[in-house]
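Colleague: Please put the model on screen, and then I will ask about it.

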Amino acid sequence: MLVAPTLNYSLLSPMLIILGGALITVLIEAFVGLAHRAVIQLTITIGSISLSLVQLWGIRDKFSTKAAVGSVVIDKAGIFLQGTTLILALIAVLLIADQENFVSKASAIPGSSEEAQAINSGDKQTEIFPLFLFAVAGMMLFPVASDLITLFVALEVFSLPLYLLAGLSRRRRLLSQEAALKYFLLGAYSSAFFLFGSAFLYGYSGTVSITGISKAIAAGAGNDVFIMLGIIFVSVGLLFKVSAVPFHSWTPDVYQGAPTPITGFMAACTKVAAFGALLRIFYVGLSGVYTEWRPIITTIAIITMIFGSVVAIAQRDIKRMLAYSSIAHAGFLLSGIVALNKDGLAASLFYLFAYGVATIAAFGIISLIRDSAGEVTDLNQWVGLGKRSPLIATVFSFLLLSFAGIPLTGGFVGKFAIFSAAYKTGNIGLVVVGVLSSAIAAFFYIRVIIMMFFTDPGHDAVSVVIPTVRSRIAISGAVVISIALGLAPSFLLNTATTFANFIK
Amino acid sequence: MNLLTIVGALPLLAAIIIGLLPKGNNELIKRVALGATSVITIASIFLATGFDKAQTAFQFVQSISWISAFKINFAVGIDGISLVLILLSTILVPIVVLATWNDSDTGRWSSKTFYMLILILETMMIGVFAATDLFLFYVFFEAMLIPVYFLIGGFGSGEKSAAAVKFLLYSLFGGLLMLASIIGIYVIAGNQIGATFDLTQLATLQIDSTTENLLFLGFFIAFAIKAPLVPFHTWLPDAAKSATPGTSVLLLGVLDKVGTYGMIRFCIALFPDASKTFTPLIIVLSVVSILYGAFMAIGQRNIKGLIAFTSISHFGFITMGIFAMTSQGMSGATLYMVNHGFSTAALFLIAGWMIKRRNSSTISDFGGLQRITPLMAWSFFIAGMSSLALPGLSSFVSEFLVLVGTYTRYPVAAIVGTLGIVLAALYILIPIQKALHGPTAPGNESLTDLNLREKIAIAPVIAVIIAMGFYPKPVLDLINPTAQRVVTTAGFTDPAAKVVK
């Protein structure tokens, strides 16, 4: 006889609300006319994210390893990561709602008469909202999944909508579609690697549960080759998502091709979800064999930091530059995994939040800078922006300084936290490489500031469009949070420290 | 509220007030800036009167928890050394404002931005000397780069944006090395006495010698870039040539002192054993800087480049005095920082006026100024004489103390360093001969002498240079107890004088 699984609905409710919202938006897509669709979709999206946040707040002190039989674990760190995802998603959706950045009819061939017709009739591709919500739901499930199968399902739930969203750019559509295809193909590969690794871990421990694996490691009964192969292949799958070198090659193309608000969302939230899962796997599941994986992850972290910082120097496109910068940041975040202590977890949580907020704000600003043909991401055309739009240029400079980790910004506090955690476990080499690559990285961030402020504009000047109220709220909100994280980081740091706890 | 914190916060407040003023009214903005900076000078002098010279512990201390997760406090306090450097900063700022009254008009941005940046910088200068929390110091140390970067890049001349970037990247690089060391010492403190950034507590740590050496180097390289020692100096001449004279005064007069100050406050206090290990190397670097700076200065045709290279030579003296580890050397070096601040300020301000009038910065273009603009020429002469340490002018006292202090421990270095004084005579007298005396260079006939504003601005600097030459006691009284304490707590005793029969 089959026994119905027991689900703890109150603990799962934040995720269920988002999934429910996603399903409703699908129905709206089918039944509501074009005229009102976008507004209703946006309202429901914002509503479900807010409701989910409220629910999450309600369960902030609860924990259970059996929230959904043994597949979902709700604990402090998981709740923090879910909350981070939701807050970032809330900011991102306000920017995504700006339909100006999205194609009017994705099915129309670029440059065809059908496309022109769709633009003229004011068509909108409002499917972005359900896709967005599904992605958010997957991202929330990912860091709380406690067995490898659920982890894989969550990975696909948040990846598939992102592949689609990446291809929906209004301008330079071919580039966007190419990016989407590339992302999809490489993503499929990495998923396969992940699954392959999961099979090895199952072969080692006889279970897919992360806690089960850690118990098997403690017992030491399994085949050591299996655990090594399992660690390597599972890591490949996840390191792909966080764009660590050498699994980063999709990052610049996808960041450049995707619609800018989607890039911001993806850059911020995918990192949160994927690092959340990485942290759980390594801290909970594999901490018993840290001597085996720590050298590997340390090496990858070092290569990632150096590669991201060095290659970013050569970029002439702001979105590509930020893509390489995000690669470098992935390297910094990997230091938090290598640290393998409570400080490392707390620092990673803080870093993910601070980096996410600054990233969404930065991409939000990029989407405002346009010329007659649309958004301008070529840095050479950004010259003299400081003269025409001092406020935008100043705010963007602040965000760049935060990425560079200059004191009095959230980025600096995060970097300090994560490196001091890594130093504590004796990874001094990692710290030294980290600060040196920060010095390299400072060069290209500052170059953008020079272009904006110290170079005189040429004739093909760009302008800053007047942002919509939504974008204005999103960008200014994110910037205010970033400034606050630099001046008074205590609140978030203390919160992160309290929440830095995985239950096993 | 703590008086020290108030003095530090005043410039920030003034910057905010200027930010609220209407944009077009430059005259009003300048007057408010001058008024505010003068008030700050008076406030800092008031602070100095409340300072107890006999005490060597930090005074006017205040500590508020800032980032509790890392035990970081907003902790400030001053001893004799930090007090004189704060005074140097607060006295120079209004002089710079008055002396370079019109320099901000031709910048890329408005005068309002210029004065806001200057005032924000002033807060950070006070903060960096007042911080007694290592993390807070680092925050000021790095954050102060940003206003300077914009001051050079936005208001300078020539290759300004390249110079600004070079300055910023050099400093950031050093700063990040220091950050690695700060993380190191923080973690070590966490293991030994509990996480803290408090300077007094950090000084009590027992660190094994390899780690201590590495941590020391992180700090030292950062400071050697800031107060440029050869081979970390190449950013300085570029920055000094491109910045406005006012910015150069603050850059060489005050900001570079953060480097030498840091060596005393952090390198020696936190890592006494490593300091001992590296002293021979540092003394050699100092002597090389003294000679290299002097030779380069002799070869300069650009007057701003000349002053920059003389400064590199002077920083060599200061570093030598610090690492001689004698109380005389330490006092001399600290006094040298103050004196160099004033004499460089005078040189840069007058050079700035000369360049503005003549529209050239080549030394040979200024021939015959002594006859045409006697007052300007005399002021430059006095500042130059102070720079070559003529007895009776301020730098003589400090240079003498440094050499005496060094001789007792490193006689060879002191003797070779003395060569720097001979070279100083060359690098100062040759330009003075070219620029001030000799035949009138074409185009100089109608140059005007100092106007009233410029006279008022330069008078106090010249007065200080002369007064400190004859009567340095009040300042030395402030410095000596602290210098003595630094040397003894680092475990050094002054070598006894040897009597040779």
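Colleague: What ipTM and pTM does the predictor give the complex?
Modeller: This is a predicted model, in which local features need pLDDT of at least 70, side-chain atom pairs count only at pLDDT 80 or more, and totals for chains, interfaces and linings use all residues. Residues are numbered from 1 along each chain as its sequence is written, while chains are lettered from A and ligands numbered from 1 in the order in which they are written. On pLDDT, the predictor's confidence in each residue from 0 to 100, chain B has a mean of 91, with 99% of its residues at 70 or more. For the complex, the ipTM is 0.89 and the pTM is 0.93.

Colleague: What is the radius of gyration of chain A?
Modeller: Chain A has 20 helices and three strands, where helices (H or I, at least four residues) and strands (E, at least two) are DSSP runs numbered from the N terminus. The radius is taken over C-alpha atoms, and the globule rule is 2.2 Å times the number of residues to the power 0.38. For 504 residues that rule gives 23 Å, and chain A comes close to it, so it is as compact as a globular protein of that length, with a radius of gyration of 22 Å.

Colleague: What share of the residues of chain B count as buried?
Modeller: The secondary structure of chain B comes to 20 helices and two strands. Its C-alpha trace spans about 70 × 70 × 40 Å along the principal axes. A residue is buried if 20 or more other C-beta atoms lie within 10 Å of its own, exposed if 12 or fewer, and partly exposed in between, with C-beta atoms placed from the backbone. Of the 501 residues of chain B, the buried share is 64%.

Colleague: Which helix gives the largest share of the side of chain B that touches chain A?
Modeller: Contact means that the C-beta atoms of two residues, placed from the backbone, lie within 7 Å, and by that test 24 residues of chain B are in contact with 24 residues of chain A. Helices α5 (134-143), α6 (145-155) and α7 (160-192) of chain B each supply at least two residues of that side. The largest share, 14 residues, comes from α7(B).

Colleague: How do the residues of that side of chain B divide into nonpolar, polar and charged?
Modeller: Ala, Val, Leu, Ile, Met, Phe, Trp, Tyr, Cys and Pro count as nonpolar, Asp, Glu, Lys and Arg as charged, and the others, Gly among them, as polar. On the side of chain B that touches chain A, the division is 18 nonpolar, five polar and one charged.

Colleague: Which residue takes a positive phi in the hairpin of β1(B) and β2(B)?
Modeller: Six bridges join β1 (residues 59-67) to β2 (residues 72-78) of chain B, which run antiparallel. In this pair, B:Q62 stands opposite B:V76. The hairpin has four residues between the strands, and the positive phi, near 60°, belongs to B:K71.

Colleague: Is B:S387 buried or exposed?
Modeller: Residue B:S387 lies in helix α16 (residues 374-387) of chain B. Beyond four places in sequence, its contacts are B:T310, B:S343, B:L347, B:S395, B:A424 and B:I428. With 27 other C-beta atoms within 10 Å, B:S387 is buried.

Colleague: How far apart in space are A:S482 and A:A330, C-alpha to C-alpha?
Modeller: Residue A:S482 is in helix α19 (residues 469-487) of chain A, and it is buried, with 24 other C-beta atoms within 10 Å. In sequence A:S482 and A:A330 are 152 residues apart, and in space the distance is 19 Å.

Technical notes. Two strands pair if DSSP finds at least two bridges between them.
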